[in-house]
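Student: I am new to this structure and would like a close look at one part of it. Please start with a pocket and then place it in its surroundings.

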Amino acid sequence: MASSHLQRAIENPTLELKVVSASGLSHVDATDEMDVYAVVSINDDKKQAAKTPIDYDGGPNPTWNHTIKLTVNEEAAREGRLTLKVELFSYWLKGKDDLYLGDVDISVHELFDSNPLPPSANGNVNKMKSLTFPIKVTEGGGTNAKLSLLYRLKPVPVKDSYPLAPQDHSPSIGQPVYPHSDQTTTTKLILEIVIKLAKNIEDVNAFLAMDVYASVAICKDREVKDRINTPVAFSANTNPKWNQKIKFLIDEKLGQEGRLMLLVELMSHRPLLGDKEIGSVRLPIQQLLSSNPPSSSASGDANGMKLETHALTGPYGKKGVVSFTYRFLAEQIRVATVTTPSTTSQPYYVSTGQASFKLLLGSGSGDL
(Lines give C-alpha, C1' and ligand atoms only; values in the text may rest on other atoms or scores of the structure.)
Protein backbone atom coordinates (compact mmCIF):
# COMPACT_ATOMS: atom_id res chain seq x y z
CA MET A 1 0.00 0.00 0.00
CA ALA A 2 2.76 2.43 0.93
CA SER A 3 4.59 1.91 -2.38
CA SER A 4 1.43 2.69 -4.41
CA HIS A 5 0.93 5.96 -2.52
CA LEU A 6 4.59 6.85 -3.03
CA GLN A 7 4.24 6.21 -6.75
CA ARG A 8 1.13 8.41 -6.91
CA ALA A 9 2.98 11.21 -5.10
CA ILE A 10 5.85 11.09 -7.58
CA GLU A 11 3.50 11.01 -10.58
CA ASN A 12 1.73 14.19 -9.46
CA PRO A 13 4.49 16.58 -8.31
CA THR A 14 4.03 20.28 -7.71
CA LEU A 15 5.47 22.78 -10.16
CA GLU A 16 6.50 25.79 -8.09
CA LEU A 17 6.84 28.72 -10.46
CA LYS A 18 7.97 32.25 -9.58
CA VAL A 19 7.00 34.76 -12.28
CA VAL A 20 9.83 37.23 -11.77
CA SER A 21 9.62 39.95 -14.42
CA ALA A 22 9.27 40.90 -18.08
CA SER A 23 11.13 43.43 -20.20
CA GLY A 24 10.74 45.20 -23.51
CA LEU A 25 6.94 44.95 -23.68
CA SER A 26 5.13 47.27 -26.08
CA HIS A 27 1.80 47.80 -27.79
CA VAL A 28 0.72 49.17 -31.15
CA ASP A 29 -0.52 52.33 -29.41
CA ALA A 30 2.61 53.65 -27.73
CA THR A 31 0.57 56.18 -25.73
CA ASP A 32 -1.25 53.49 -23.76
CA GLU A 33 -0.18 53.25 -20.13
CA MET A 34 0.67 49.62 -19.40
CA ASP A 35 -0.29 48.09 -16.05
CA VAL A 36 0.85 44.54 -16.67
CA TYR A 37 -0.11 41.19 -15.15
CA ALA A 38 0.49 37.57 -16.16
CA VAL A 39 -1.90 34.62 -16.38
CA VAL A 40 -0.36 31.15 -15.96
CA SER A 41 -1.99 27.85 -16.95
CA ILE A 42 -1.13 24.34 -18.11
CA ASN A 43 -2.93 23.20 -21.26
CA ASP A 44 -5.48 26.00 -20.70
CA ASP A 45 -6.73 24.27 -17.53
CA LYS A 46 -8.93 27.00 -16.03
CA LYS A 47 -9.17 25.18 -12.69
CA GLN A 48 -5.43 25.59 -12.16
CA ALA A 49 -4.99 28.95 -13.90
CA ALA A 50 -3.45 31.64 -11.70
CA LYS A 51 -2.85 35.37 -12.08
CA THR A 52 -0.08 37.59 -10.76
CA PRO A 53 -0.82 40.95 -9.15
CA ILE A 54 -0.86 43.97 -11.46
CA ASP A 55 2.34 46.03 -11.70
CA TYR A 56 1.12 49.62 -11.92
CA ASP A 57 4.59 51.18 -11.95
CA GLY A 58 6.84 49.07 -14.19
CA GLY A 59 5.27 50.01 -17.53
CA PRO A 60 7.00 47.98 -20.30
CA ASN A 61 9.31 46.36 -17.71
CA PRO A 62 7.01 44.94 -15.00
CA THR A 63 8.23 43.06 -11.93
CA TRP A 64 6.08 40.67 -9.88
CA ASN A 65 8.21 38.07 -8.03
CA HIS A 66 4.93 36.18 -7.61
CA THR A 67 4.96 32.46 -6.78
CA ILE A 68 2.38 30.07 -8.27
CA LYS A 69 1.99 26.35 -7.55
CA LEU A 70 0.49 23.93 -10.09
CA THR A 71 0.01 20.17 -9.89
CA VAL A 72 1.31 18.28 -12.92
CA ASN A 73 1.07 14.69 -14.08
CA GLU A 74 4.62 13.45 -14.60
CA GLU A 75 3.64 10.77 -17.12
CA ALA A 76 1.76 13.25 -19.31
CA ALA A 77 4.62 15.73 -19.01
CA ARG A 78 7.29 13.24 -20.06
CA GLU A 79 5.15 12.21 -23.03
CA GLY A 80 5.15 15.83 -24.17
CA ARG A 81 1.42 16.35 -23.62
CA LEU A 82 1.68 19.30 -21.18
CA THR A 83 2.48 22.91 -22.08
CA LEU A 84 2.91 25.74 -19.60
CA LYS A 85 1.48 28.99 -20.96
CA VAL A 86 2.21 32.46 -19.56
CA GLU A 87 0.02 35.19 -21.09
CA LEU A 88 0.70 38.89 -20.51
CA PHE A 89 -2.03 41.55 -20.36
CA SER A 90 -2.24 45.27 -19.70
CA TYR A 91 -5.07 46.09 -17.29
CA TRP A 92 -7.79 48.50 -18.45
CA LEU A 93 -10.36 50.08 -16.18
CA LYS A 94 -14.08 50.72 -16.72
CA GLY A 95 -15.01 47.37 -18.25
CA LYS A 96 -12.83 47.56 -21.35
CA ASP A 97 -11.07 44.43 -22.55
CA ASP A 98 -7.53 44.14 -21.24
CA LEU A 99 -4.79 44.56 -23.84
CA TYR A 100 -3.12 41.30 -24.86
CA LEU A 101 0.65 41.89 -24.94
CA GLY A 102 2.03 38.47 -25.80
CA ASP A 103 2.68 35.00 -24.41
CA VAL A 104 5.23 32.27 -23.75
CA ASP A 105 4.71 28.53 -24.32
CA ILE A 106 6.99 26.17 -22.38
CA SER A 107 7.09 22.38 -22.64
CA VAL A 108 6.71 20.90 -19.16
CA HIS A 109 8.81 17.97 -20.41
CA GLU A 110 11.73 20.41 -20.83
CA LEU A 111 11.24 21.63 -17.28
CA PHE A 112 11.50 18.06 -15.98
CA ASP A 113 14.72 17.53 -17.94
CA SER A 114 16.27 20.88 -17.00
CA ASN A 115 15.57 20.69 -13.26
CA PRO A 116 14.36 17.16 -12.45
CA LEU A 117 12.62 15.91 -9.35
CA PRO A 118 14.75 14.96 -6.33
CA PRO A 119 15.48 11.22 -6.14
CA SER A 120 12.90 10.57 -3.42
CA ALA A 121 9.69 12.01 -2.03
CA ASN A 122 10.89 12.19 1.57
CA GLY A 123 10.78 15.98 1.76
CA ASN A 124 13.88 16.72 -0.34
CA VAL A 125 13.44 19.78 -2.55
CA ASN A 126 15.68 20.89 -5.40
CA LYS A 127 16.78 24.49 -5.84
CA MET A 128 14.87 26.89 -8.05
CA LYS A 129 16.33 27.33 -11.52
CA SER A 130 16.31 30.58 -13.48
CA LEU A 131 15.03 30.67 -17.06
CA THR A 132 14.44 33.45 -19.58
CA PHE A 133 12.14 33.09 -22.59
CA PRO A 134 11.37 35.33 -25.57
CA ILE A 135 7.80 36.64 -25.58
CA LYS A 136 5.70 36.18 -28.69
CA VAL A 137 4.27 39.66 -29.00
CA THR A 138 1.19 40.98 -30.76
CA GLU A 139 1.37 42.31 -34.28
CA GLY A 140 3.22 45.61 -34.41
CA GLY A 141 4.86 45.09 -31.03
CA GLY A 142 8.55 44.91 -30.19
CA THR A 143 10.73 41.92 -30.94
CA ASN A 144 13.01 41.86 -27.89
CA ALA A 145 10.46 41.24 -25.14
CA LYS A 146 11.55 38.63 -22.58
CA LEU A 147 10.05 36.84 -19.57
CA SER A 148 12.11 35.75 -16.55
CA LEU A 149 11.05 32.82 -14.37
CA LEU A 150 12.29 30.69 -11.50
CA TYR A 151 10.96 27.17 -11.02
CA ARG A 152 11.41 23.82 -9.37
CA LEU A 153 9.54 20.54 -9.15
CA LYS A 154 8.55 19.36 -5.69
CA PRO A 155 7.33 15.84 -4.90
CA VAL A 156 4.27 15.56 -2.71
CA PRO A 157 5.40 14.45 0.78
CA VAL A 158 4.62 10.79 1.33
CA LYS A 159 2.70 11.54 4.50
CA ASP A 160 0.36 13.77 2.48
CA SER A 161 -0.39 10.99 0.01
CA TYR A 162 -1.79 8.57 2.59
CA PRO A 163 -5.54 8.56 3.05
CA LEU A 164 -6.79 9.75 6.40
CA ALA A 165 -7.92 7.11 8.83
CA PRO A 166 -11.69 6.73 8.80
CA GLN A 167 -13.42 8.69 11.52
CA ASP A 168 -16.65 7.95 13.29
CA HIS A 169 -19.05 10.85 12.72
CA SER A 170 -22.05 9.10 14.24
CA PRO A 171 -23.76 11.10 16.98
CA SER A 172 -23.07 10.30 20.59
CA ILE A 173 -26.05 9.43 22.73
CA GLY A 174 -27.38 12.49 24.51
CA GLN A 175 -25.13 14.90 22.55
CA PRO A 176 -26.40 17.52 20.05
CA VAL A 177 -25.38 17.09 16.40
CA TYR A 178 -23.99 20.12 14.52
CA PRO A 179 -22.74 20.52 10.95
CA HIS A 180 -19.00 20.75 10.20
CA SER A 181 -17.44 23.95 11.56
CA ASP A 182 -15.05 26.12 9.58
CA GLN A 183 -12.65 27.74 12.02
CA THR A 184 -11.28 30.37 9.58
CA THR A 185 -11.82 34.03 10.36
CA THR A 186 -11.66 36.85 7.81
CA THR A 187 -10.40 40.20 9.06
CA LYS A 188 -12.13 43.34 7.84
CA LEU A 189 -10.38 46.69 7.77
CA ILE A 190 -11.71 50.22 7.75
CA LEU A 191 -10.05 52.33 5.07
CA GLU A 192 -10.42 55.93 6.18
CA ILE A 193 -9.64 58.59 3.55
CA VAL A 194 -9.72 62.38 3.75
CA ILE A 195 -9.89 63.92 0.27
CA LYS A 196 -7.97 67.16 0.78
CA LEU A 197 -7.62 69.14 -2.45
CA ALA A 198 -6.55 69.21 -6.08
CA LYS A 199 -4.25 71.66 -7.85
CA ASN A 200 -3.85 72.88 -11.43
CA ILE A 201 -6.39 70.45 -12.86
CA GLU A 202 -7.74 70.63 -16.43
CA ASP A 203 -10.55 73.16 -17.02
CA VAL A 204 -13.10 71.08 -18.92
CA ASN A 205 -15.80 73.78 -18.97
CA ALA A 206 -16.05 76.01 -22.02
CA PHE A 207 -17.45 79.11 -20.35
CA LEU A 208 -18.54 78.78 -16.72
CA ALA A 209 -16.36 78.28 -13.64
CA MET A 210 -16.00 74.63 -12.70
CA ASP A 211 -17.94 73.10 -9.81
CA VAL A 212 -15.81 70.09 -8.86
CA TYR A 213 -16.37 66.98 -6.78
CA ALA A 214 -14.36 63.81 -6.19
CA SER A 215 -15.92 60.40 -6.78
CA VAL A 216 -14.07 57.81 -4.68
CA ALA A 217 -14.54 54.09 -5.31
CA ILE A 218 -13.20 50.68 -4.35
CA CYS A 219 -12.84 48.31 -7.31
CA LYS A 220 -12.71 44.54 -6.97
CA ASP A 221 -11.33 42.70 -10.02
CA ARG A 222 -11.94 45.79 -12.21
CA GLU A 223 -15.57 46.19 -11.11
CA VAL A 224 -16.65 49.11 -8.94
CA LYS A 225 -18.13 47.67 -5.75
CA ASP A 226 -18.57 50.77 -3.60
CA ARG A 227 -18.55 54.48 -4.44
CA ILE A 228 -18.90 57.66 -2.37
CA ASN A 229 -18.85 61.24 -3.69
CA THR A 230 -17.57 64.31 -1.89
CA PRO A 231 -19.70 67.47 -1.74
CA VAL A 232 -19.35 69.78 -4.75
CA ALA A 233 -16.75 72.55 -4.43
CA PHE A 234 -18.64 75.33 -6.21
CA SER A 235 -16.71 77.80 -8.41
CA ALA A 236 -13.51 76.00 -7.47
CA ASN A 237 -12.16 76.16 -11.02
CA THR A 238 -8.78 74.39 -11.21
CA ASN A 239 -7.94 74.30 -7.47
CA PRO A 240 -10.83 72.70 -5.52
CA LYS A 241 -10.70 71.91 -1.78
CA TRP A 242 -12.88 69.49 0.22
CA ASN A 243 -11.29 68.03 3.40
CA GLN A 244 -13.99 65.37 3.17
CA LYS A 245 -13.68 62.15 5.22
CA ILE A 246 -14.81 58.90 3.56
CA LYS A 247 -14.79 55.35 4.95
CA PHE A 248 -14.87 51.95 3.29
CA LEU A 249 -15.03 48.46 4.81
CA ILE A 250 -12.65 46.16 2.93
CA ASP A 251 -11.34 42.60 3.05
CA GLU A 252 -7.65 42.61 3.98
CA LYS A 253 -6.99 39.27 2.23
CA LEU A 254 -8.36 40.56 -1.09
CA GLY A 255 -6.29 43.70 -0.71
CA GLN A 256 -3.09 41.77 -0.08
CA GLU A 257 -3.82 39.58 -3.10
CA GLY A 258 -3.89 42.65 -5.35
CA ARG A 259 -7.59 42.31 -6.18
CA LEU A 260 -8.74 45.65 -4.73
CA MET A 261 -7.99 49.12 -6.04
CA LEU A 262 -8.74 52.66 -4.89
CA LEU A 263 -10.12 54.89 -7.64
CA VAL A 264 -10.34 58.68 -7.22
CA GLU A 265 -12.07 60.49 -10.09
CA LEU A 266 -12.47 64.27 -10.29
CA MET A 267 -15.66 65.39 -12.00
CA SER A 268 -17.01 68.72 -13.22
CA HIS A 269 -20.58 69.07 -11.99
CA ARG A 270 -22.78 70.23 -14.90
CA PRO A 271 -26.52 69.86 -14.17
CA LEU A 272 -27.66 70.64 -17.73
CA LEU A 273 -24.93 69.14 -19.92
CA GLY A 274 -24.05 66.20 -17.69
CA ASP A 275 -21.04 65.75 -15.42
CA LYS A 276 -17.67 65.55 -17.18
CA GLU A 277 -14.52 63.68 -16.18
CA ILE A 278 -11.48 65.83 -15.38
CA GLY A 279 -8.96 63.15 -14.43
CA SER A 280 -8.42 60.15 -12.17
CA VAL A 281 -5.94 58.28 -10.02
CA ARG A 282 -5.98 54.55 -9.34
CA LEU A 283 -3.90 52.92 -6.62
CA PRO A 284 -3.73 49.25 -5.56
CA ILE A 285 -4.93 48.67 -2.00
CA GLN A 286 -1.94 46.33 -1.73
CA GLN A 287 0.35 49.33 -2.28
CA LEU A 288 -1.48 51.46 0.27
CA LEU A 289 -1.35 48.66 2.85
CA SER A 290 2.39 48.28 2.33
CA SER A 291 2.99 52.02 2.64
CA ASN A 292 0.83 52.49 5.76
CA PRO A 293 0.00 49.16 7.49
CA PRO A 294 -3.16 48.77 9.57
CA SER A 295 -3.16 50.35 13.00
CA SER A 296 -4.91 48.92 16.05
CA SER A 297 -5.56 52.34 17.53
CA ALA A 298 -6.25 55.92 16.54
CA SER A 299 -3.41 57.31 18.60
CA GLY A 300 -0.19 58.84 17.36
CA ASP A 301 0.82 61.68 15.07
CA ALA A 302 -2.19 62.84 13.02
CA ASN A 303 -3.97 59.64 14.10
CA GLY A 304 -1.72 57.60 11.80
CA MET A 305 -2.93 59.33 8.62
CA LYS A 306 -0.48 59.29 5.70
CA LEU A 307 -0.43 62.01 3.03
CA GLU A 308 -0.50 60.98 -0.64
CA THR A 309 -0.26 63.28 -3.69
CA HIS A 310 -0.67 61.81 -7.18
CA ALA A 311 -0.81 63.10 -10.73
CA LEU A 312 -4.17 62.97 -12.47
CA THR A 313 -4.60 61.19 -15.79
CA GLY A 314 -7.60 62.08 -17.92
CA PRO A 315 -8.93 62.50 -21.45
CA TYR A 316 -6.49 65.40 -21.89
CA GLY A 317 -3.44 63.54 -20.65
CA LYS A 318 -1.68 64.11 -17.33
CA LYS A 319 -2.45 67.44 -15.71
CA GLY A 320 -2.79 68.48 -12.08
CA VAL A 321 -2.58 66.53 -8.83
CA VAL A 322 -4.93 65.35 -6.10
CA SER A 323 -3.96 65.05 -2.41
CA PHE A 324 -5.52 62.89 0.30
CA THR A 325 -4.61 61.30 3.60
CA TYR A 326 -5.52 57.75 4.60
CA ARG A 327 -5.12 55.01 7.19
CA PHE A 328 -6.31 51.46 7.81
CA LEU A 329 -7.94 50.62 11.13
CA ALA A 330 -7.75 47.00 12.26
CA GLU A 331 -9.94 47.27 15.38
CA GLN A 332 -13.33 46.58 13.91
CA ILE A 333 -15.29 43.58 12.66
CA ARG A 334 -14.27 39.98 12.25
CA VAL A 335 -16.50 37.74 10.18
CA ALA A 336 -16.30 34.19 11.50
CA THR A 337 -17.76 31.20 9.70
CA VAL A 338 -17.75 28.98 12.80
CA THR A 339 -20.96 27.04 13.20
CA THR A 340 -22.35 27.55 16.70
CA PRO A 341 -24.85 25.46 18.66
CA SER A 342 -27.92 27.30 17.42
CA THR A 343 -30.76 26.84 14.98
CA THR A 344 -28.78 28.45 12.15
CA SER A 345 -25.44 27.68 10.49
CA GLN A 346 -25.06 31.14 8.89
CA PRO A 347 -21.93 33.24 9.56
CA TYR A 348 -22.17 35.46 12.59
CA TYR A 349 -20.54 38.83 13.19
CA VAL A 350 -18.41 39.76 16.19
CA SER A 351 -17.67 43.46 16.60
CA THR A 352 -14.55 44.53 18.48
CA GLY A 353 -15.74 48.11 18.39
CA GLN A 354 -19.47 48.79 18.18
CA ALA A 355 -18.96 52.50 17.59
CA SER A 356 -16.94 51.78 14.46
CA PHE A 357 -19.54 49.33 13.23
CA LYS A 358 -22.40 51.82 13.58
CA LEU A 359 -20.37 54.49 11.86
CA LEU A 360 -19.75 52.24 8.90
CA LEU A 361 -23.41 51.45 8.53
CA GLY A 362 -24.22 55.13 8.58
CA SER A 363 -21.66 55.93 5.86
CA GLY A 364 -23.34 53.66 3.34
CA SER A 365 -20.08 51.96 2.41
CA GLY A 366 -20.12 48.33 1.37
CA ASP A 367 -18.22 45.29 2.55
CA LEU A 368 -15.41 44.42 0.15
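Student: How much space lies in the second largest pocket?

Tutor: The second largest pocket holds about 290 Å³ of space. This is a predicted model, in which local features need pLDDT of at least 70 and side-chain atom pairs count only at pLDDT 80 or more, while totals for chains, interfaces and linings use all residues. Residues are numbered from 1 along each chain as its sequence is written, and side-chain values use heavy atoms, with hydrogens and water left out.

A pocket is an open set of points on a 1 Å grid over the protein atoms alone, with protein on both sides within 12 Å along at least five of seven lines; a cavity is a set where a 1.4 Å probe fits but cannot get out, and lining residues have an atom within 4 Å of a point. Points are joined across faces, edges and corners, and a volume is the space filled by probe spheres set on them.

The second largest pocket has 19 lining residues, and K51, I54, D221, G258 and R259 lie nearest its centre. By type, the lining of this pocket has eight nonpolar, five polar and six charged residues. Here Ala, Val, Leu, Ile, Met, Phe, Trp, Tyr, Cys and Pro count as nonpolar, Asp, Glu, Lys and Arg as charged, and the others, Gly among them, as polar.

The largest cavity has a volume of about 30 Å³, and its lining consists of E202, I278, G279, L312, T313, G314, Y316, G317 and K319. Three of these residues come from β16, the largest share; β15 (276-284), β16 (306-314) and β17 (317-329) each supply at least two. Three lining residues of the largest cavity are nonpolar, four polar and two charged.

Next, the surroundings. The protein has 368 residues, of which 43% count as buried, and it contains seven helices and 19 strands. Helices (H or I, at least four residues) and strands (E, at least two) are DSSP runs, numbered from the N terminus.

Four strands form an open sheet in the order β4-β1-β9-β7, with antiparallel pairing; two strands pair if DSSP finds at least two bridges between them. Because β4 (63-71) and β7 (129-134) stand at the edges with a single partner strand each, one side of each has no neighbour in the sheet. From one strand to the next, the twist averages 25°. Within this sheet, β1 (residues 14-23) and β9 (residues 146-154) are joined by nine bridges, and K18 has L150 in β9 as its bridge partner.

Other strands pair too. Strand β5 (residues 83-90) runs antiparallel to β6 (residues 99-107), with eight bridges between them, and F89 stands opposite Y100 in β6. β6 also pairs with β8 (residues 136-137) in the antiparallel sense, over two bridges; there G102 stands opposite V137.

K85 is buried, with a relative accessible area of 17%; buried means under 20%, exposed over 50%, and partly exposed in between (1.4 Å probe, protein chains only). Beyond its neighbours within four places in sequence, K85 is in contact (heavy atoms within 4.5 Å) with V39, V40, S41, D44, D103, V104 and D105. K85 and V40 are 45 residues apart in sequence, yet 5.7 Å apart in space, C-alpha to C-alpha.

Methods
Axes are lines fitted to C-alpha atoms, for helices over the stretch in contact, and angles run from 0 to 180 degrees between N-to-C directions.
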